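Hello,

Here is the structure I promised to pass on to you. Please have a look at it first, and then read my notes below.

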Amino acid sequence: MCEFCVKHGEGEKWYLQAQNYAEDLLSDLRRRKFIHNFLKYPEKLRAEVDKLDDLNRLPAFVQAVVKPVFVNRAKKSHYGQVLPLEDVEKIFEFITSVTRLPCICRQISVGTEQRYCYALSMVPPEDSQLGKIARSTGADYLNGPHTGGLEELSKEEALIQFREMEKQGLFHSVWTFVTPFIGSICNCDHDCMAMKSTLKKSFPVMFRGEYVAEANADLCNGCRSCMRVCQFGAINYSLANERVSIDPPRCFGCGICRASCERDAITLNDRSKVPAVADIW
Ligand code: SF4
Ligand code: SF4
């Protein structure tokens, strides 16, 4: 299990612990300010991610010092983890309300309002401090004429949308807003700033999932649908075998490949029980 499970989950999956979504965590003024600024000033996030290119040009010995500092800072403020749909469903068993809101990352990287982020709360939407903080920013993309405001959804409606997004190849991730408070589940691809930071710039800001995928060669017919949706380049195709195989160290355990496989050839295994990757996060 990842270090957040140890620190914030008492040895269980940290994102399945209701206390990490508790409304009273939002009485912390530092956390409220962080969320407010995160939503109000998306260009700051872009500037931070752009700055990583400069850091990557530094001599290796300097990077060896700078990268852990950066990553540890992210772990304390805004850090994520990939999770499969069945764990999203478990979260939805105990949270009370879901608010769909525009994705800051897509706002930055594509320049349009795209609704891939879902704020979660343990209280009804009208009492949600998170919603109030979001609205208090006055940001155009949250309140503007083209956004229709923030959308309150039932949990069932949200899950239907999550399943649909899986079919489109988007994977799910949970996010802290001053750890350990979890404020949202997002649906991500390469437009996600966390993906850019983690995969392209070698500054990880999200853990791999608690799982790792495996393809059953007896069931696989080599159609390669799974390869087309894997955002992490973890699936290889063998022309000789006419089958795919999954590279465990590259797999983030999102389960999107599984959703695309009509032969039910892909399963997710508990990462901690796969020795080759049990310590790779
Ligand atoms: S989608 Fe399923 S059947 Fe097709 S290549 Fe992948 S594992 Fe094999
Ligand atoms: S191989 Fe791993 S990372 Fe790629 S889609 Fe499947 S579960 Fe996700």
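This is a predicted model: local features need pLDDT of at least 70, side-chain atom pairs count only at pLDDT 80 or more; totals for chains, interfaces and linings use all residues.

β1 and β5 run antiparallel and are joined by 4 bridges. A handy landmark is valine 82, which stands opposite serine 173 in β5.

How do α5 and α9 pack, parallel or antiparallel? Helix α5 (residues 85-94) meets α9 at an angle of about 170°, and the axes are 11 Å apart. An angle over 145 degrees counts as roughly antiparallel, so α5 is roughly antiparallel to α9. On the α5 side the contact is made by Leu85, Val88, Glu89 and Phe92, and on the α9 side by Lys155, Leu159, Phe162, Arg163 and Glu166. By class, this contact has 5 nonpolar and 4 charged residues, with no polar ones.

The second pair is helix α3 (residues 42-56) with helix α10 (residues 193-200). Their axes come within 10 Å and cross at roughly 10°. Angles under 35 degrees count as roughly parallel, and α3 and α10 are therefore roughly parallel to each other. Here Leu45, Val49 and Leu52 of α3 meet Met193, Lys196 and Ser197 of α10. The residues of this contact divide into 4 nonpolar, 1 polar and 1 charged.

Now to the domains. The protein chain is divided into domain 1, which covers 3-207, and domain 2, which covers 211-273. Their C-alpha centres lie 26 Å apart. Where they meet, 11 residues of domain 1 are in contact with 10 residues of domain 2. On the domain 1 side, α9 (155-167) and β5 (171-176) each supply at least two of the residues that touch domain 2. That side of domain 1 has 5 nonpolar, 3 polar and 3 charged residues.

Strand β9 (residues 235-238) and strand β10 (residues 243-246) run antiparallel, joined by 4 bridges. Serine 238 stands opposite arginine 243 in β10.

Finally, the ligands. Which residues come nearest to ligand 1? Of the 14 around it, they are Cys220, Cys223, Cys226, Cys261 and Ala265. The shell of ligand 1 has 8 nonpolar, 4 polar and 2 charged residues. Ligand 2 has 13 residues around it, and the nearest are Ala213, Cys230, Cys251, Cys254 and Cys257. In the shell of ligand 2 there are 11 nonpolar and 2 polar residues, but no charged ones.

Enjoy looking through it, and do write back with any thoughts.

Best wishes

Key
Residues are numbered from 1 along each chain as its sequence is written. Chains are lettered from A and ligands numbered from 1 in the order in which they are written. A residue is near a molecule or strand if its C-beta atom, placed from the backbone, lies within 6 Å of it. Ala, Val, Leu, Ile, Met, Phe, Trp, Tyr, Cys and Pro count as nonpolar, Asp, Glu, Lys and Arg as charged, and the others, Gly among them, as polar. Domain bounds come from an automatic or database domain assignment. Two residues are in contact if their C-beta atoms, placed from the backbone, lie within 7 Å. Two strands pair if DSSP finds at least two bridges between them. Axes are lines fitted to C-alpha atoms, for helices over the stretch in contact, and angles run from 0 to 180 degrees between N-to-C directions. Angles under 35 degrees count as roughly parallel, over 145 as roughly antiparallel, 65 to 115 as roughly perpendicular and the rest as oblique.
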